[in-house]
Amino acid sequence: MNCPRRTFRIYDDNGSRMLEYEELKNGVKDYGLNMSKAELDELFACFDKDNSGTISFDEFILELRVCLNNIILAYRFFIVLAIITFVTAALALLSLLTVAVASMLALANKCNI
Ligand SMILES: [Ca+2]
């Protein structure tokens, strides 16, 4: 995986230090992503914060940070969900065991064991 600066340079075909729409389009395609024009328009608009029609490295890295933060948030949410599911399952199992033991004790009392 390339670092963001290297990726930016690879995308920047004409070396202008700014990404134009076609450069982003070609870069995305080079990474094997097949995006529709609408998706590319949306992606370009996400990066081009000042609506200048080009993407500076600062805009590029800013959007990558946002994406990374979203991935981290999703990962944390998944971990919390997994913990809640585990605790719920453990409590359900404990409840079943408690009922089973209580039933056995009641049966043992009835039979005077
Ligand atoms: Ca811009």
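The scale is simple: a residue is buried with 20 or more other C-beta atoms within 10 Å of its own, exposed with 12 or fewer, and partly exposed in between, with C-beta atoms placed from the backbone. Arg17 sits in the loop between α1 and β1 (18-19). Its phi is positive, about 65°, although Arg17 is not a glycine.

This is a predicted model, in which local features need pLDDT of at least 70, side-chain atom pairs count only at pLDDT 80 or more, and totals for chains, interfaces and linings use all residues. Residues are numbered from 1 along each chain as its sequence is written. pLDDT is the predictor's confidence in each residue, from 0 to 100. The protein chain averages 93, and 99% of the residues score at least 70. Among its elements, helix α1 (residues 4-11) has the lowest mean pLDDT, 90. Strand β2 (residues 55-56) has the highest, 97. Helices (H or I, at least four residues) and strands (E, at least two) are DSSP runs, numbered from the N terminus.

Next comes a helix pair. Two packed helices are described by the angle between their axes and the distance between the axes. Helix α2 (residues 21-30) packs with helix α3 (residues 37-47) at about 115°, their axes 10 Å apart. Axes here are lines fitted to C-alpha atoms, for helices over the stretch in contact, and angles run from 0 to 180 degrees between N-to-C directions. From α2 come Tyr21, Leu24, Lys25 and Val28; from α3, Leu40, Leu43 and Phe44. Contact means C-beta atoms, placed from the backbone, within 7 Å. The residues of this contact divide into 6 nonpolar, no polar and 1 charged.

Beyond α3, the loop to β2 holds Asn51. Asn51 also has a positive phi, about 55°, and is not a glycine. Asn51 is exposed, because 6 other C-beta atoms lie within 10 Å.

Then follows α4. This helix has 54 residues and reaches 79 Å from its first C-alpha to its last, close to the 80 Å expected at 1.5 Å a residue. The expected span is 1.5 Å times one less than the number of residues. α4 is hardly covered: the count of buried residues among its 54 is 1. Val87 is found in this helix (residues 57-110). Val87 is exposed, because 10 other C-beta atoms lie within 10 Å. Just after α4, Asn112 takes a positive phi of about 55°.

Terms used:
Contact = placed C-beta atoms within 7 Å. Nonpolar A, V, L, I, M, F, W, Y, C, P; charged D, E, K, R; others polar.
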